[in-house]
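Subject: Handover of a structure and notes on it

Dear colleague,

Please find the structure below, together with its sequence. I would be grateful if you would read the notes after it with the model open beside you.

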Amino acid sequence: MVAIIVGAGIGAGVGLLTRVHERDGVVLLRATAWAAILWIVGMGLGWRSSYSLPTVGVQR
(Lines give C-alpha, C1' and ligand atoms only; values in the text may rest on other atoms or scores of the structure.)
Protein backbone atom coordinates (compact mmCIF):
# COMPACT_ATOMS: atom_id res chain seq x y z
CA MET A 1 0.00 0.00 0.00
CA VAL A 2 2.85 2.37 0.81
CA ALA A 3 4.45 1.69 -2.58
CA ILE A 4 1.21 2.64 -4.33
CA ILE A 5 1.00 5.93 -2.45
CA VAL A 6 4.67 6.75 -3.08
CA GLY A 7 4.34 5.84 -6.77
CA ALA A 8 1.21 7.93 -7.16
CA GLY A 9 2.91 10.86 -5.44
CA ILE A 10 5.94 10.64 -7.69
CA GLY A 11 3.75 10.33 -10.78
CA ALA A 12 1.63 13.30 -9.75
CA GLY A 13 4.76 15.32 -9.06
CA VAL A 14 6.19 14.53 -12.49
CA GLY A 15 2.88 15.48 -14.09
CA LEU A 16 2.66 18.78 -12.23
CA LEU A 17 6.28 19.66 -13.01
CA THR A 18 5.94 18.99 -16.75
CA ARG A 19 5.13 22.02 -18.89
CA VAL A 20 2.55 21.69 -21.66
CA HIS A 21 2.53 24.07 -24.64
CA GLU A 22 0.59 24.20 -27.90
CA ARG A 23 2.26 25.43 -31.08
CA ASP A 24 0.69 25.32 -34.53
CA GLY A 25 -1.89 22.77 -33.39
CA VAL A 26 0.75 20.45 -31.93
CA VAL A 27 0.93 19.75 -28.20
CA LEU A 28 4.46 19.90 -26.83
CA LEU A 29 5.61 18.63 -23.46
CA ARG A 30 8.76 19.78 -21.72
CA ALA A 31 9.92 18.16 -18.52
CA THR A 32 11.56 20.45 -15.98
CA ALA A 33 14.73 19.37 -14.21
CA TRP A 34 12.72 18.49 -11.10
CA ALA A 35 10.33 16.35 -13.16
CA ALA A 36 13.30 14.49 -14.62
CA ILE A 37 14.80 13.95 -11.16
CA LEU A 38 11.50 12.59 -9.82
CA TRP A 39 11.17 10.32 -12.87
CA ILE A 40 14.67 8.93 -12.29
CA VAL A 41 13.92 8.35 -8.59
CA GLY A 42 10.66 6.59 -9.49
CA MET A 43 12.37 4.37 -12.05
CA GLY A 44 15.13 3.59 -9.57
CA LEU A 45 12.66 2.61 -6.88
CA GLY A 46 10.78 0.39 -9.33
CA TRP A 47 13.96 -1.32 -10.49
CA ARG A 48 15.18 -1.78 -6.92
CA SER A 49 11.91 -3.27 -5.71
CA SER A 50 11.71 -5.67 -8.64
CA TYR A 51 15.11 -7.15 -7.75
CA SER A 52 14.92 -7.00 -3.96
CA LEU A 53 11.47 -8.50 -3.38
CA PRO A 54 11.31 -12.25 -2.95
CA THR A 55 9.70 -14.09 -5.83
CA VAL A 56 7.22 -16.90 -5.26
CA GLY A 57 7.64 -20.18 -7.08
CA VAL A 58 10.90 -19.31 -8.82
CA GLN A 59 13.98 -21.40 -8.06
CA ARG A 60 17.37 -19.76 -8.18
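The notes below begin with the whole chain and then turn to single elements and residues.

This is a predicted model, in which local features need pLDDT of at least 70 and side-chain atom pairs count only at pLDDT 80 or more, while totals for chains, interfaces and linings use all residues. Residues are numbered from 1 along each chain as its sequence is written, and side-chain values use heavy atoms, with hydrogens and water left out.

Overall fold

The protein contains 2 helices and 2 strands, arranged α-β-β-α from the N terminus on. Here helices (H or I, at least four residues) and strands (E, at least two) are DSSP runs, numbered from the N terminus. Of its 60 residues, 8% count as buried; buried means under 20% relative accessible area, exposed means over 50%, and partly exposed lies in between (1.4 Å probe, protein chains only). The protein exposes about 5300 Å², of which carbon and sulfur atoms supply 69%. Such areas come from the Shrake-Rupley method with a 1.4 Å probe, and for residues only the protein chains shown count as cover.

The hairpin

Strand 1 and strand 2 pair in the antiparallel sense over 6 bridges; two strands pair if DSSP finds at least two bridges between them. Strand 2 covers residues 26-31, and the count of buried residues among its 6 residues is 0. Across the pairing, His-21 stands opposite Leu-28, and Thr-18 stands opposite Ala-31.

A polar atom of its side chain is 2.7 Å from the backbone oxygen of Val-14. Leaving aside neighbours within four places in sequence, Thr-18 is in contact (heavy atoms within 4.5 Å) with Leu-29, Arg-30, Ala-31 and Ala-35.

Most residues other than glycine have a negative phi. Asp-24 is placed in the loop between strand 1 and strand 2, and the hairpin has 2 residues between the strands. Asp-24 counts as exposed because its relative accessible area is 74%.

The helices and the nonpolar patch

Val-2, Val-6, Trp-34, Ile-37, Val-41 and Leu-45 form a nonpolar patch on the surface, with about 590 Å² of accessible area together. Patches are made of residues with over 30% relative accessible area and no salt bridge; like charges are joined within 9 Å, and nonpolar side chains (Val, Leu, Ile, Met, Phe, Trp, Tyr) within 5 Å. A salt bridge is a side-chain nitrogen of Lys or Arg within 4 Å of a carboxyl oxygen of Asp or Glu. Helix 1 (2-16) and helix 2 (33-52) each supply at least two residues of the patch, and helix 2 gives the most, with 4 residues. Leu-45 lies in helix 2 and counts as partly exposed because its relative accessibility is 46%.

Gly-11 lies in helix 1 and is partly exposed, with a relative accessible area of 41%. Gly-11 and Ala-35 are 24 residues apart in sequence and 9.2 Å apart in space, C-alpha to C-alpha.

With kind regards

Technical notes. A polar contact is a pair of N or O atoms within 3.5 Å; within protein, one must be able to donate a hydrogen and the other to accept it, and residues adjacent in sequence count only if both atoms are side-chain atoms.
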